[in-house]
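Reader: I would like to learn how to read the features of a model such as this one, step by step. Could we look at it together?

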Amino acid sequence: MSSLTCPYSRRCGGCQLLAMSYEEELAHKQELTRRHLSRFGKLLPILGAANPCYYRNKVEAAFGLDRSRKVIAGTYEPRSHRIVDINSCLNEDKTATAIIVTIKKLLPSFRLAPYDEDARTGFLRHVLVRRGIHTGEVMVVLVTASPVFPSRQNFLKALLAAHPEITTIVQNVNNRRTSVLLGDREQTLYGPGFIRDTLCGMSFRISPRSFYQINPTQTEVLYRRAIKAAGLTGKERVLDTYCGIGTIGMIAAADAREVIGVEQNPAAVRDAIRNAKENGVENIHFVAADATEWMQAAAAEKLSIDILLMDPPRSGSTPEFLSAAVKMAPRRIVYISCCPETQARDLALLQKGGYRVPLLQPVDMFPHTEHIENIAVLERRSTR
């Protein structure tokens, strides 16, 4: 497969590996993973994407004006606040990108101006589009500087006429000087205010603030491999830490006796509880708590667990979390990481605590970028 070209790649910076063919990219990521992790155990070949293009089901665009006062929309140049005006992207869902281009064209005809951060004038700051890959449902979030929406009904009518595939439109109001995309206030302008998508046969409700995997197709590959590696028989108590909205825990619950999900974000926990109920998963419950603090308390109480699933942020886990995990002594730990460097640091601590690493499985979740996802399977060397 030959390498791809993009007219925005030099300014955008989103696709660091675009000059490589996909085969070369996978070989590069395999080598990076090997460099950081192969000393721990057997490294399997990286699982590449069947289609490495147009995989992002969530697309965000900042809106502004160029020097000739023309409306532009796209991503910021790296380490700057200059918007790269983008009309197509090899990574983004085509429908989502097309909707953003349409909104860019509609704004002048409705006399709606992009927001100017310096002058603090204008209306539209960002647009967020999310699409359910399996359901086809589409959410458009208009992030505005003011709740007042001139010509609202006519604008919505024009947008829906151009894109009847849109199933819900939400207005989010963000009037703060901040780099955070979403504000605290929102109202549903059209449809139910959320979309649904399926992942490994389960349905998940996705609202504007919900965390949901950006590449669901490869997420299914990742989750199925991770759950298979856990070796569940239906008798295990599984602990799912850093669980987000509980996706992997709910999928694992079908093959486990009990699943406990721990997540610091209360909104994510509310989503997890609702999704478990809607999917009829009764053998899982969720706790809103800091993962490290909860693990330390659970270890002190001598809570017994059989399998530990952990998917920490890029910074990795904490020594206190890992120490507590060693004390709890699950027979197997499945550690999903998006950063081989921090995963290597953490695996070294778990190795010292009596675990070996029989299996390492890299997965390409974000083609054309430097990001690498890896599953490390750890087994306790001796029973205690």
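Reader: Is Phe204 buried or exposed?

Author: Before the answer, a word on the basis: this is a predicted model, in which local features need pLDDT of at least 70 and side-chain atom pairs count only at pLDDT 80 or more, whereas totals for chains, interfaces and linings use all residues. Residues are numbered from 1 along each chain as its sequence is written, and side-chain values use heavy atoms, with hydrogens and water left out. A residue is called buried under 20% relative accessible area, exposed over 50% and partly exposed in between, with a 1.4 Å probe and protein chains only. Phe204 is buried, because its relative accessible area is 0%.

Reader: Which ring does Phe204 pair with, and how is an aromatic pair described?

Author: A pair of aromatic rings is described by the distance of the centres and the angle of the planes. Rings of Phe, Tyr and Trp (its six-membered ring) pair if their centres lie within 6.5 Å, and planes under 30 degrees apart count as stacked, over 60 as edge-to-face and the rest as tilted. The structure holds five aromatic pairs. One of them joins Phe204 to Tyr212, a tilted pair with 6.4 Å centre to centre and 50° between the planes; Tyr212 is buried as well, at a relative accessible area of 3%. Another tilted pair is that of Tyr242 and Phe321, at 5.3 Å centre to centre and 35° between the planes. Tyr242 lies in the loop between E10 and H6 and Phe321 in helix H9 (residues 319–328), so this pair ties together parts that are 79 residues apart in sequence. Here helices (H or I, at least four residues) and strands (E, at least two) are DSSP runs, numbered from the N terminus.

Reader: What does H9 bury, and which elements does its buried side pack against?

Author: An α-helix has 3.6 residues a turn, so residues three or four places apart point the same way. In H9 the buried residues are Phe321, Leu322, Ala324, Ala325, Val326 and Met328, with Phe321 at 0% relative accessibility. They pack (contact means heavy atoms within 4.5 Å) against E10, helix H8 (291–300), E13, helix H10 (340–352) and strand E15 (355–363). Just after H9, Ala329 takes a positive phi of about 55°.

Reader: How should I read strand E10, and which residues lie on each of its faces?

Author: In a regular strand the side chains alternate between the two faces of the sheet. In E10 (residues 237–241), five of its five residues are buried: Arg237, Leu239 and Thr241 on one side, and Val238 and Asp240 on the other.

Reader: Which strands pair with E10?

Author: Two strands pair if DSSP finds at least two bridges between them. E10 runs parallel to strand E11 (residues 258–263) over five bridges, with Val259 as the bridge partner of Val238, and four bridges join E10, again in parallel, to strand E13 (residues 307–310), where Leu308 stands opposite Leu239.

Reader: How many disulfides are there?

Author: A disulfide is a covalent bond between the sulfur atoms of two cysteines, and the criterion used is a pair of cysteine sulfur atoms within 2.5 Å. By that criterion the count is zero. The closest cysteine sulfur to that of Cys12 belongs to Cys15 and is 6.4 Å away, too far for a bond. Cys339 is in no disulfide either, the nearest cysteine sulfur being that of Cys338 at 6.5 Å.
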